[in-house]
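The paragraphs after it go from one ligand to the next.

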Amino acid sequence: MKSMLNIKDLRASIEGKEILKGINLEVREGEVHAIMGPNGSGKSTLASLVAGKNFADVTSGSITYLGKNLFDLNPEERSKAGIFLGFQYPIEIPGVTMVNFLKTAVNEHRKHKGLEPLSAKDFLKLLREKKDLVEIDSKLTSRSVNAGFSGGEKKKNEIFQMAMLEPKLAILDETDSGLDIDALKIVANGVNKLKRKDNATIIITHYQRLLDYIIPDFVHVLFDGRIVKSGGKELAFELEEKGYQWIKNQVNGN
Amino acid sequence: MQNEIVISDIEREFIDLYRENRNMFEAKASAQVNKVRKSGIRDFERLGIPGKKNEDYKYTPLQPLFRNGYRKYLEPKKVEFNLAHVFRCDIPTLDTHLVLIVNGFFDKKNGELLRELPSGIIIGSLAAASHEYPELFEKHYGKYASHQDGLVALNSAFAQDGFFLYVPKGTIYKKFIQIVNLLVAKEDIMVQHRNLIIVDDNAQAGVIICDHALTPHSFLTNSVTEIYTAENTFFDYVKVQNEHNNAVQFSHIFVNQEANSNMTSNILTLHGGVVRNNVNVLLNGEGAENNSYGLYLVDQEQHVDNYTFIDHARPNCISNQLYKGVLDDSATGAFNGRILVRKDSQKTHAYQANNNILLTDEAKINSKPQLEIYADDVKCSHGATVGQLDDEALFYMRSRGIPEKEARLIMMSAFTHEIISNIKTDPLRTRINELVEKRLRGELSACDNCAVKCY
Ligand SMILES: Nc1ncnc2c1ncn2[C@@H]1O[C@H](COP(=O)(O)OP(=O)(O)OP(=O)(O)O)[C@@H](O)[C@H]1O
Ligand SMILES: [Mg+2]
């Protein structure tokens, strides 16, 4: 299978403190990867770097996406190339309506593909279709982006945006936290429905429960800026059972 | 001890110009206008142009702005411009009645000096109206504009023309009255028009004022507008300033609101070299409500200074102020919002907010609230913010494929929306929204006025 994302020896620091200490990760088309790891281990930092957030100093290493050096692309170019980040903490943008935001985003993606902008009618049709897919409250799209959304609504909204943009590589950063069990199923369902042979998903999570619904091909444990263990889905169970202390002990060799 | 105010050359020049032309002014104008004129020159001689020590003009030094040798037109000059352009570019679906003021004088090209509309509304030249309606002038002219500010006194001294609007009792006028102030000359000029608006009991009306400079010369405008809104009235005042970098504008608005009147002003500064807006509101009757909104979008070396003074002189009144600005490049700005709640003005609600976005490190804003509250049963609040565009929000939008430039625009539009959404008439709001978007995109030329796209 074709390689999609290839991260090699990625090191990054924030304000002089090294956060990522040599990450190696390869994701191929059709795969689902899960990244787990304790708080502060660098999961979101890694995800944000792939999406193009300019906040950490990359001191070495490379990220290749579909053969391209990702560092040559700005965030909007990465998005149009098919990368999607579901934010751990979605941003509120008061005064900018969801509809306007999505219409602009969708049409930018279309422009990139050489397509005409959607007519108002076709856009609304697409909106309705995807709303149904993620079972999001109809009223949310007429409100400002994430403004005053509940925690769960924000998370669902990320999946909704993902459905609208149909990315090749989706990185979902703790999209499952704060969701009730029904919402969790809807989110998982959304991810599964959007799954194709030629796209891939990276799920960052603390809980094995999401992985009951989205079966990962690989599970990685990120610990203190390094991927210290990789395995199949059974690794998630093991982690759930034994906790991170187990990993810590292994890393420290005792 | 030195109590005397030293008169500068510029002030001396005004005083001399006044003396030379006093007879001409007085011969043309009506008694009330001349009465106010006399006190105007007296007060100007005493006060002069507000100087460095004047707290109210702290951020806008005035004296240097006058040193340009502007010509002062004391009578209308014949100027060439194509009226057809003005009409062609009218706000398409907005039903308006249009009045033209050219270099401070009412322009007859677009109709007779005074016109009575079928609704009974009287609109036209201030000079003509002052002769035609002496009782109205005796009652209102010069009664609200305070000469505490030397610039206002100066305007009174030289006042000759401008527009006059009278909305009779009970008249509900759904159309907007549009007043276009054109500056057009082949040399640098100073204009001082004077306007009077009277909205009588139970009437409702709205005006949109568009300030526009047609030629690239330096202009200095020092205008005074008095607005009287009687009991139970609704009045909307929208002003769009779209001149150019060589234009200096001082605009003084004085509002007197009687009981249960509701007045909203929207001052939109889209383009100008130096702009100073003074909005003075006297809430002079119980149950009056005032909404003062402003939006300023400035870049390059432009400077905009908004001053508001809301005087809660009676109990049970409400005032809301919201001024918002986006400052780019090395633009500078100031907001000074004064609220006075007098001793017996119980149950006052007075709110004020001033929010600013600075797009560069060089752009500057000075925001100063001034609350003087002498009553005890009041609800007052004020707040000022100065910030940048939210980086997190920008990244969020970009991560969805929206280019940075577009993302910034979307955020700026969102920021300005709060002001524009207060314009109640839909076609006007849409048109102004378009103008603001164009301005934010940097595509608004000096020739795109609110309604006028000439040349
Ligand atoms: N902007 C920042 N400034 C300073 N430190 C930061 C910044 N962003 C992240 N860090 C630090 O980097 C480390 C990794 O943070 P990151 O958010 O990547 O962790 P995480 O694995 O996603 O944790 P969690 O499970 O709590 O979401 C933390 O110690 C965090 O405090
Ligand atoms: Mg995280």
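Which backbone lies 2.8 Å from an oxygen atom of ligand 1? A backbone N or O atom of Gly40(A) does. This is a predicted model, in which local features need pLDDT of at least 70, side-chain atom pairs count only at pLDDT 80 or more, and totals for chains, interfaces and linings use all residues. Residues are numbered from 1 along each chain as its sequence is written, chains are lettered from A and ligands numbered from 1 in the order in which they are written, and side-chain values use heavy atoms, with hydrogens and water left out.

Side chains also approach ligand 1. A polar side-chain atom of Ser44(A) is 2.8 Å from an oxygen atom of the ligand, and an N or O atom in the side chain of Asn39(A) is 3.0 Å from an oxygen atom of ligand 1. Of the 640 Å² of accessible area that ligand 1 has on its own, the protein covers 66% (Shrake-Rupley method, 1.4 Å probe). Helix H1 (43–51) and strand S2 (17–28) of chain A each give two or more residues to the shell around ligand 1; H1(A) gives the most, with three residues. Helices here are DSSP runs (H or I) of at least four residues, and strands (E) of at least two.

The magnesium ion (ligand 2) is coordinated by Ser44(A) (OG) and Gln88(A) (OE1), at 2.0 to 2.1 Å. Donors are N, O and S atoms within 2.8 Å of the metal (3.2 Å for Na, K and Ca); water is not among the atoms, so sites may look incomplete. Ser44(A) lies in helix H1 and Gln88(A) in the loop between strands S6 (83–86) and S7 (93–97) of chain A, so the pair ties together parts that are 44 residues apart in sequence.

Definitions and conventions. A polar contact is a pair of N or O atoms within 3.5 Å; within protein, one must be able to donate a hydrogen and the other to accept it, and residues adjacent in sequence count only if both atoms are side-chain atoms.
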